[in-house]
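Here is a short report on one protein chain. Look at the structure first, then read on.

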Amino acid sequence: MLNIHDLKELMLQYTEPLLRLAYYYVKDLQAAEDIVQEVFIKFYHNKNYYEDRGELKAYLTKMTVNKSKDYLKSWAYRKVQLQNKLFPPAGKRNADELVRKDEQAIIGEAIIELPLKQREVLIYFYFNEMTITEVAHILSIPESTVKTRLRRGKELLRNQLKGIEWEVLLNE
């Protein structure tokens, strides 16, 4: 039986990777935080439906992916996108401007620009350190499809990041 203390432990353990995952889907930190919060709330209220087979991370990841995809289909998301196109925020300071100098941020932004199919496979494989088999299981697709999406995603990333002088390589 899951109590509040157990839920707090789960949240401490899984919030950061789930937040990162949701952010790579929705590209909005506040929306990603809301999604992760909803995932934990739903998990707590429906804890009786979860069978403890040692796959909690995969279960929460799948819930986060589904909530993120639902958000991308929602009217609220489309309304915000339309408002931003019609009325671009005046003088909005992008918080990432300060971080863009860091090479990880550059790569992260390049990943965000990828199509969803390639983006999600790259995130699972590299950021969540899952195997091709685990990624195929979570996305319910064949392993060969995962390999193809990985290859295409890396090609797209390589093209996007071409011409950038990497500080790490300059100092060698």
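Which residues does Asn-128 touch, not counting residues up to four places away in sequence? Asn-128 touches Leu-21, Lys-57 and Ile-123. A contact means heavy atoms within 4.5 Å.

Asn-128 sits in the loop between helix H6 (116-127) and helix H7 (132-139). Asn-128 has a relative accessible area of 9%, so Asn-128 is buried. Buried means under 20% relative accessible area, exposed over 50%, and partly exposed in between, with a 1.4 Å probe and protein chains only.

## About the model

This is a predicted model, where local features need pLDDT of at least 70, side-chain atom pairs count only at pLDDT 80 or more, and totals for chains, interfaces and linings use all residues. Residues are numbered from 1 along each chain as its sequence is written, and side-chain values use heavy atoms, leaving out hydrogens and water.

## The chain as a whole

The chain has nine helices and zero strands. Both are DSSP runs numbered from the N terminus: helices are H or I with at least four residues, strands are E with at least two. Of the 172 residues of the chain, 31% count as buried.

## The cavity

Rolling a probe the size of a water molecule over the atoms shows where empty space is left. The structure holds one cavity of 30 Å³ or more. A cavity is a set of points, on a 1 Å grid over the protein atoms alone, where a 1.4 Å probe fits but cannot get out; lining residues have an atom within 4 Å of a point. The largest cavity has about 40 Å³ of space. Points are joined across faces, edges and corners, and a volume is the space filled by probe spheres set on them.

H1 gives the largest share, four residues. By class, the lining has four nonpolar residues, two polar and one charged. Ala, Val, Leu, Ile, Met, Phe, Trp, Tyr, Cys and Pro count as nonpolar, Asp, Glu, Lys and Arg as charged, and the others, Gly among them, as polar.

## Two helices that pack

Helix H1 (4-26) and helix H3 (56-73) each supply at least two residues of that lining. H1 and H3 pack at an angle of about 35°, with their axes 10 Å apart. Axes are lines fitted to C-alpha atoms, for helices over the stretch in contact, and angles run from 0 to 180 degrees between N-to-C directions. Residues in this contact include Tyr-14, Leu-18 and Leu-21 of H1, and Lys-57 and Thr-61 of H3.

Technical notes: On a 1 Å grid over the protein atoms alone, a cavity is a set of points where a 1.4 Å probe fits but cannot get out, and a pocket is an open set with protein on both sides within 12 Å along at least five of seven lines; lining residues have an atom within 4 Å of a point.
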